[in-house]
Amino acid sequence: MPPAPLRAKFAAYHRYLASAPYLAGSSLAELFERNGDSANGRRLRKKAQRLCSAFDREFWLPAEGSYTFCCQPDGRFSRSVAANAAYALWIGIVDPRHARA
C-alpha cells in the first residue's frame, strides 16, 4: 500500500477517475446501440449505471448537499464544498436527485 500522502493525493483524483469510465461506457453503449448491437449496448449501459451508483454512494455528502472535494491524509473525505463537483455533473455521473445541489 502506498504511503499516506500518496494515498491522499490519489484519492483527491479518485472522483474524477471514476467519471472517465462512466463517460466511456455510456458513450460506447450509445454507439453499439446505434450500430444495432443492443446486447453490448445494454451490457455497457448496466456497467455505467453501476459506476454511477457506486460514485454516488462513495462521494455524496448528504449533510453538505454536495459531493466530497478530496480525501484527507488520514483517509477521511473532506467535508469542504468546492466547484470541482461540476466536472462530475458535466460528465453525467451525478445522480439527477443531486444535480441541483
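Q: What does the accessible surface of the chain come to?
A: About 6700 Å². Carbon and sulfur atoms account for 60% of that surface. Keep in mind that this is a predicted model.

Q: And what share of the residues is buried?
A: Buried residues make up 33% of the 101 residues in the chain.

Q: OK, the fold. How many helices and strands are there?
A: Three helices and two strands.

Q: Which pattern do they follow along the sequence?
A: The order is α-α-β-β-α.

Q: What about contacts? Take residues at least 6 apart in sequence: how many of those contacts join residues at least 24 apart?
A: The share is 49%.

Q: Switching to charge. Which residues gather in the patch of positive charge?
A: Arg 42, Arg 43, Lys 46, Lys 47 and Arg 50. The patch sits on the surface.

Q: Where does Lys 46 lie?
A: Lys 46 is in helix H2, which covers residues 38-59.

Q: Is Lys 46 buried or exposed?
A: Exposed, because its relative accessibility is 54% and the cut-off for exposed is over 50%.

Q: Now salt bridges. How many turn up in the whole structure?
A: Two, from a search of the whole structure.

Q: Which side chain does Arg 34 meet?
A: Arg 34 meets Glu 30 in a salt bridge, at 2.6 Å from N to O.

Q: How are Arg 34 and Glu 30 placed in helix H1?
A: Both belong to helix H1, residues 4-34. They are four residues apart, so about one helical turn separates them.

Q: Where do Arg 45 and Glu 33 sit?
A: Arg 45 is in helix H2 and Glu 33 is in helix H1. They are twelve residues apart, and the pair links distant parts of the chain.

Q: What is the relative accessibility of Arg 45?
A: It is 36%, so Arg 45 counts as partly exposed. Glu 33 also counts as partly exposed, at 33% relative accessibility.

Definitions and conventions. Residues are numbered from 1 along each chain as its sequence is written. This is a predicted model: local features need pLDDT of at least 70, side-chain atom pairs count only at pLDDT 80 or more; totals for chains, interfaces and linings use all residues. Side-chain values use heavy atoms; hydrogens and water are left out. Buried means under 20% relative accessible area, exposed over 50%, partly exposed in between (1.4 Å probe, protein chains only). Contact means heavy atoms within 4.5 Å. Accessible areas come from the Shrake-Rupley method with a 1.4 Å probe; for residues, only the protein chains shown count as cover. Patches are made of residues with over 30% relative accessible area and no salt bridge: like charges are joined within 9 Å, nonpolar side chains (Val, Leu, Ile, Met, Phe, Trp, Tyr) within 5 Å. A salt bridge is a side-chain nitrogen of Lys or Arg within 4 Å of a carboxyl oxygen of Asp or Glu. Lys and Arg count as positive and Asp and Glu as negative; His and the chain ends are not counted. The place of a charge is taken as NZ of Lys, CZ of Arg, CG of Asp or CD of Glu.
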